[in-house]
Structures are given as C-alpha cells and as structure tokens.
Amino acid sequence: MKTQVKALVVGGGAVGTSIAYHLARAGWDDVMLLERDELTSGSTWHAAGLLPLFNMSYATTHIHKYSVDFYKTLEAETGLNAGFAVVGNLRMAQTQERMDEYMLYASTAETCDVPYVFLTPDEIKARWPLIRTEDLKGALYHHTDGYINPADVTMAMAKGARQRGVMIERKWQADAFRWTGESWEVTATKMVEKGGNLVPSDEQIVITAEHVVTASGNHAQRTARMLGIKMPAIPVEHQFIVMDQDPALVEFRKDHPEHPVIRDADAQSYVREERGGWILGVYEKNAPARFEYGVPDSFRADLFQLDLERIEDQYMAMNHRMPSAEDCGLKDDFNGPICYTPDGNPLVGPAPGLRNMWLAEGFSFGITAAGGTGYYLAQMMVEGEAEIDMASLDPKRYGDWMTTEFAARKNEECYDHVYILHHPDEERPACRPLRTAPAYDRQKALGAQFGFVNGWERPNYYGPLDAPDSFDHDSRSFRRGGWWQYAVEEARAVRQGAGLIDATAFTKHVIRGPGATAFLDWFTCNKLPKVGGINLTYALTTAGTTRTEYTIVRLGEDEYYLVSAGAWTAYDADFLRKAAEDMAGEFGYVEIQDVTSQWGVFAIAGPRSRDVLTEIVKDADPATVLGNKRFPWLSMRNIELGMCPVRAIRVAYTGELGWELHHPIEMQNYLWDQLMAAGAKHDMKLVGARAQNWLRQEKSYRAFGTELGRDATPLEADLPRFVDLSKEFHGKAAMQAKGIRSTCVTLLIDGPDDADPWGREALYHGETRVGRLTSGGYSVAFDKSIGMGYVSPELAVPGTRLKVKMLDRLWDAEIVEDSPYDPGNETIRKDA
Ligand SMILES: Cc1cc2nc3c(=O)[nH]c(=O)nc-3n(C[C@H](O)[C@H](O)[C@H](O)COP(=O)(O)OP(=O)(O)OC[C@H]3O[C@@H](n4cnc5c(N)ncnc54)[C@H](O)[C@@H]3O)c2cc1C
C-alpha cells in the first residue's frame, strides 16, 4: 500500500468516492481513498436514492443539476448500471402559498438551466389517475430527475475512479492527522472484524498526503475532534417505509410507465414506486439527533428501530393522496442516520485554520449532491476556485461560538423544516436568542423582530409594540408580507428624517504591526486610506474574484480597523490569517485580532442624523465637530457622545448623510439611551435590516454574498473606482485575465402590485434569458420594485429594457444608471 500521495480522501460513501473520482478526472494522478469499513457502508447504503433537483439555493441547485447529468454518463464510462430511473419528480401544492414557493423556485431553476413545467390538477389526474387531486392547486414537474441506486452509483464512481488511477483502500481507518508544515501525516489503522463489530487492529501505517479531504459522513464529530476544529454536522434519524404490492398500481403499470417520485410537500412526505408497491419517505416532527459525540463501534451498516407513531400523520396523508395504498401492508422499514447541518447545506471547502485540509461533511441529500460536490470541490483544490461561488457551503460559515448542543438542536429543526414553506423572509426559532448585544432587550421592547446572523440577533424590522409571538411567522410571504409596510415606513424615515440601525453583527478586525501597511496594500485592491480616512476595498481570490469586501479605517500609520459582513466572521478571519502567515516572509509579522464581539455598532442615517448627534456630542465646539470641515465624508474621527467614546465613521450604507458609531460593547445601552433621547426630538425612527437592504439598492451599493462573491471580479461587479490598477495586489492578473463575462446592473421593475423580487429571479431580453437578479426589494424613492443583478456586458447599458420572471410571468424592467437615488451623492456630503 502506498504511503505517499498527492491527495487522500477519507470516507468511501457516495461523497468521498465522487471526490476521489473528480480529483483524478481533474488531472491529479496520485489520489488514495481510505474507507474504515466497506464502500457505501455509511448512510449511503440505506438512502432511498431520490435525486431531487428542487432546491432554493443557487449553488446547491448547480450541484444537484451536475449530479443528475453526470450520473447519466457513468454507465458509458464504467459499464456499470447505477439504476438511474429517470421517472421525473412531481412536487404537488395544496395551497396557493405553496404554488408561490414553486414559482419563486422555478425562476431560480431557470438561472441554472434546470427544466420544469407546471401542471394543473386535471393534468395530473389525466396522467396519474391513482393520485387524488381535488384538493390540489397544481404541481411543479421535473422530467429529468428521478431516483438511483445509491450503492450502485457509488460503485460506478469507484470503478471510474480506479480506472483513472485512484487507489481505494478498504478497512483502513484514519485515526490521527498531523500537519508537518508541508504535508499531512495521516495515521491509519487496519480495521478487523470482531464479533460483528469493526475494531482497530495493532497494524498502523502513516500516509503522507499533500492534501486531505474528509468525507466521513456520520463520523464527522470524531473527525472534527481529531482535527481540533468544530463542525456542526450531526445526524438525525430519518425513516422510510416500503409497502406491499398495491393491486391498483400493478394494474395501472400494465400499460403505463412508472410514476414519477411524488412529493406532497404540504404533507411532509414523498412516495415512489418499488416493485408494484410504494415507498413512503417522511420528514416528520421530533426526529432526534444521534451520535452527537461519535458513532459507537457497534453501529455499522445498521438501522434504528422504526418509530411508526412519529410518522402516523404522514402515513395517513399518503393514504389520502394515494387511496389505493390504504390496504397495503408494511413490507420493510428503514430508520437511519442522515447527517444534517443547522442550515441544511453541507460543509464543503477549506477547513478553518488548517492548510490543505478540505471538508465535505454534513450531507443530508448526499446522493443527490455527491456528483456536483466532487466536481466543484475538485475545481477548488486543483484550480484554486470553483466556477460557482461555494461560499454558502463553506465550513467557516459557523464560528467558534457554535457548540454541540446548538448543532444538534438546530439540525433537528432543519430536518423538521425540510418541507415547510421556504419563505425567503423565513427566520427559524430554535436555539434563540443566543448571541445578543446589550441593546437586545431594549430593541425587543420597542417591537424589534429579529433575524439570525451568524448566531447574532439583529433587528429585521420593528413591528407593532403589542405583537403576538407569532407575528413574524404570520407575516411571511413569497409576496409582500405583513412586515412590508413597517419596512416601507422605516425606509422613508431614513430618506426624510433620521433612522437608527443596529449593525453590531459586523465582522471587525484590527490589523497592526510594522508589516501591516505593506501587507494590506498587497491583500486588497484599492488604495489604502490616509490616517483618519476610510476606503471601501476588496480582497480577491487567486482567481481574481471577490473573496471579501472591507471598509478599511486607518487608525495609525501601521494600524487598521477592517469592517466586513456580519455573517462571515470566521470565513474572513481565516482568510486574513492565512494570507498574513503566507506573506510573513515578505511583509514581516502582522498582528490580526478579531474584535467583533468587543465593538457594538449603531448606524444613524438621514438628513436629520447630524442634528440628533449634535444634541449629545461633547466637544469644545459641538457646532462644527460633525461638519464637513472637521469630519468630511469617508473619514473616521474619535468623538464623544455623552460619556461614550465613539469611533465614528462617516459612511452610510443607506446612501444618506450618516455615521457608523462603533462603540465599546459594554457601553452600548448607555449610548442607546442617549441616542434614543436625542432622536426623540428629531422624530428618529428605529430601522431594521430589511429597509436598509432596499435603501442600499437605490444607491446601487453591492452587498457581499449577493452581488459580490467568488464568481465575479470587482470589475464585473462594475466597481472599477475601487480597484487601483496602478498597484500590484493579490489576484490582480487573474482578475484582468478573466475579462468581463457579465456585468452588475441596477434595475427598476414594474412588477406585480403585491410582490417584489427577492434577488434570485431570471432576467430576459425579449425571449432570451440573459442573466439573473442577485438582490431585490422595494424602492421608496421610486415607488416600485428594485433589483440588482448580472447581465451580459453588451446589455449592461442604462435604458435597456429587460423582463424579470416573477410569479411565472415576465414583468417589465429597465436598467438604470448606478445609484438611481441621488447619483451625485449630494445628501451624503451635505454640510452642517
Ligand atoms: C433513510 C435515509 C434515506 C435517505 N434518502 C436519500 C435520498 O433519497 N437522496 C439523497 O440524496 N440522500 C438520501 N439520504 C442521505 C444520504 O444517505 C446521505 O446524505 C449520503 O449517503 C451521505 O454520503 P457520505 O458519503 O457523506 O456519507 P456516508 O455514506 O456515511 O459515508 C461516509 C464514509 O466514511 C467512512 N469513514 C468515516 N470515518 C472514517 C475514517 N476516520 N477513516 C476511514 N473511513 C471513515 C464511513 O465508514 C463511511 O463509509 C438518506 C438518508 C437516510 C438515512
């Protein structure tokens, strides 16, 4: 057995096998896969094998689509038939809300080239008469997906991998990982059978690998412990039952093809055919998390006891939907561990804090995702970046604040939510509140309805003071929800008076030391600000696309304060630290401190914001301290608001006159009370993140995670004014080599009366699809829907008329000049 390889993949389930295959296909000829037992002996063996294309996430839809297309090619390559039954997938809706969800999904599906059609209840009945349709509104039908045999597809990928030179070693368990500074030394133990258990023998070897990928399925917690990192990948019980033959189905099938996979989302279940009977799979309530602290040796390709009581509702619902199933007996049952993460997306990408260590863990739709994960992860490892932005799957989207208890309870919630209505304005309740800034209670008492940002509670909007606990839940919609009017009033307040926004969740880093200036000059693409000044800038990937957006404040000659998006603290910290370490030889030591939890942030904005601050600012000359001369736009000053020292930054993400007030977190309540008292004299309104998101689109401010990500360069985001081409910086040559593949634009949209886009909709020019929205919302300045997105460069011209696909119809839209509201930045620069 070889002991030195380029890449070692740990885990021989569908996911690890696909990764090994795709690494070899991408050109790495020295790849080994270790499996502690037999291939497919983890969750893969008992999966139902469904390959649903339906997914509300752009990246995941790409991943699933790749798998469905790729699996169809495997037989020709390997000679092995993976049993792909392309029977289609019928996703039914019992309510108009569910149809709204499908229409939103369908628009996203178009942006990923996933085909679909809508069917009426009559059309369903005509094709599949065994389905009860009277209480249906309709269905979404994918004809290209279906189901596959999970073990067979894994074996086919394994054969394809071997054909491409991959070494697959079974009964070897990775037991320890040591980074030497250049490669990983992985201690592997030979596993042997003992009384039905799989136990370690005394035989051990050390394998040296330049890169390691872990795809350890239900063993993720053990893997995390060995690596000294945290992973919120913990399995939950998942059940499906197999029924005896259904005579009506047998009769129907004499002259009809197989039924599609039938999903009754409102009944939390799916049904598919199996040898003349039905398989019923459910996503029920109260399924418990398992193996929080590891998988026992005695659990191999095993199952848990079936809990029929727990799935009674779904069973009854199946009998309602397929009345002929009612008299069929139970033939077989499966209750297995299905790995989850708190948001349902797997953890794919570089491990936090470690070099050349890649994670592919936490898969709940691992059969569907395996192909695409292998393909895109191999791109990341071999080429440096994937062609799609994989950030939404990055393992570092959770920080060190995450615990086992949090992950287990959140994963149970996520499982339970598989078939809920996936409102884009959804906020999930489990494990909350957890990370609260001091002003949380004050905000809550004033009607704040909170969103969950990387564990932090952040006001989304301020609802009625006497709102019942269910207010936010009941406000959700695929159209304009119950919260919409509150956000409109908040947005107007910022445009016309003053608004106060909590931005405490921002990620904040201090960078200092003799090498800090040279390092940051190389690390980011814009000019560095002068002492006391600020700049908006970007750090790029090696592929020249946007890795992170920073507001850089220069505190001293060699001291900087970097502010970036709140959701991405660990993601940004990891990138900064690794880059500084890599460049230490050139730039010297750079100290990097994550100060996110030490600083609270309030943003005050609006034409009257200066008046509010003047009430409480302490200065020898309070009348001028906030004026343009002493405090110009895009600068930082240390000021005192009452007794609170404040690092004030004159920027406003809403595009109004305004300041970000960074303050010691322990003085937050004091500052809040000061601002509230002063604001009361100027009709200041409390404003949440939703209004802010609309307002920034009126200024064409790109947001990280939507317009800005690893699939577009800052030049494609149309931000040349923040890119200093006269200097050398990380990713510059790659950015220039990419050219302009598509361009970011702002659109004003004549949409439906009761809905705005969410930022995932397809864009059309005539009959041709030409791009997609990445943000959407409502503009109070123009009294219509607004959006930002990417289109082909030749169309990215103000005045171009496009169409936006919303609610299954095309609506007129026009590309407008950047910053349609106050293009000259008059209001932001306004003097006292
Ligand atoms: C009842 C049920 C039905 C399901 N139905 C579907 C479905 O219809 N469609 C779908 O897409 N998904 C489905 N799933 C989910 C699917 O089974 C998983 O997402 C998928 O199998 C995960 O694959 P994996 O390769 O990540 O993990 P696994 O298949 O669990 O593989 C991990 C492998 O790593 C090995 N390993 C772990 N640690 C080590 C180590 N230290 N050294 C060496 N080897 C190690 C394990 O032995 C194991 O073989 C279902 C799950 C369940 C429970």
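How far is an oxygen atom of the ligand from a polar backbone atom of G42? In this predicted model, the separation is 3.4 Å.

View 1. The ligand on its own would expose 1,000 Å², of which 98% is buried by the protein.

**View 2. The shell around the ligand.** The ligand is surrounded by 37 residues, and the closest are E35, T44, F363, G366 and T368. Two or more shell residues come from each of the helices α1 (14-25) and α10 (366-383) and the strands β2 (31-35), β7 (172-179), β10 (234-245) and β14 (330-340). By class, the shell has 18 polar, 16 nonpolar and three charged residues.

**View 3. The second largest cavity.** Six cavities of 30 Å³ or more are present in the structure. Two elements, α4 (96-111) and β34 (801-806), each give two or more residues to its lining.

**View 4. Lining of the second largest cavity.** Helix α4 gives the most to this lining, with four residues. The lining residues include D100, M103, L104 and S107, together with F478, A755, D756, W758 and E761. K805, M806 and L807 also line the second largest cavity. Seven residues of the lining are nonpolar, four are charged and one is polar.

How values were computed. Residues are numbered from 1 along each chain as its sequence is written. This is a predicted model: local features need pLDDT of at least 70, side-chain atom pairs count only at pLDDT 80 or more; totals for chains, interfaces and linings use all residues. Side-chain values use heavy atoms; hydrogens and water are left out. On a 1 Å grid over the protein atoms alone, a cavity is a set of points where a 1.4 Å probe fits but cannot get out, and a pocket is an open set with protein on both sides within 12 Å along at least five of seven lines; lining residues have an atom within 4 Å of a point. Grid points are joined across faces, edges and corners, and a volume is the space filled by probe spheres set on the points. Ala, Val, Leu, Ile, Met, Phe, Trp, Tyr, Cys and Pro count as nonpolar, Asp, Glu, Lys and Arg as charged, and the others, Gly among them, as polar. A residue is near a molecule or strand if one of its heavy atoms lies within 4 Å of it. A polar contact is a pair of N or O atoms within 3.5 Å; within protein, one must be able to donate a hydrogen and the other to accept it, and residues adjacent in sequence count only if both atoms are side-chain atoms. Accessible areas come from the Shrake-Rupley method with a 1.4 Å probe; for residues, only the protein chains shown count as cover.
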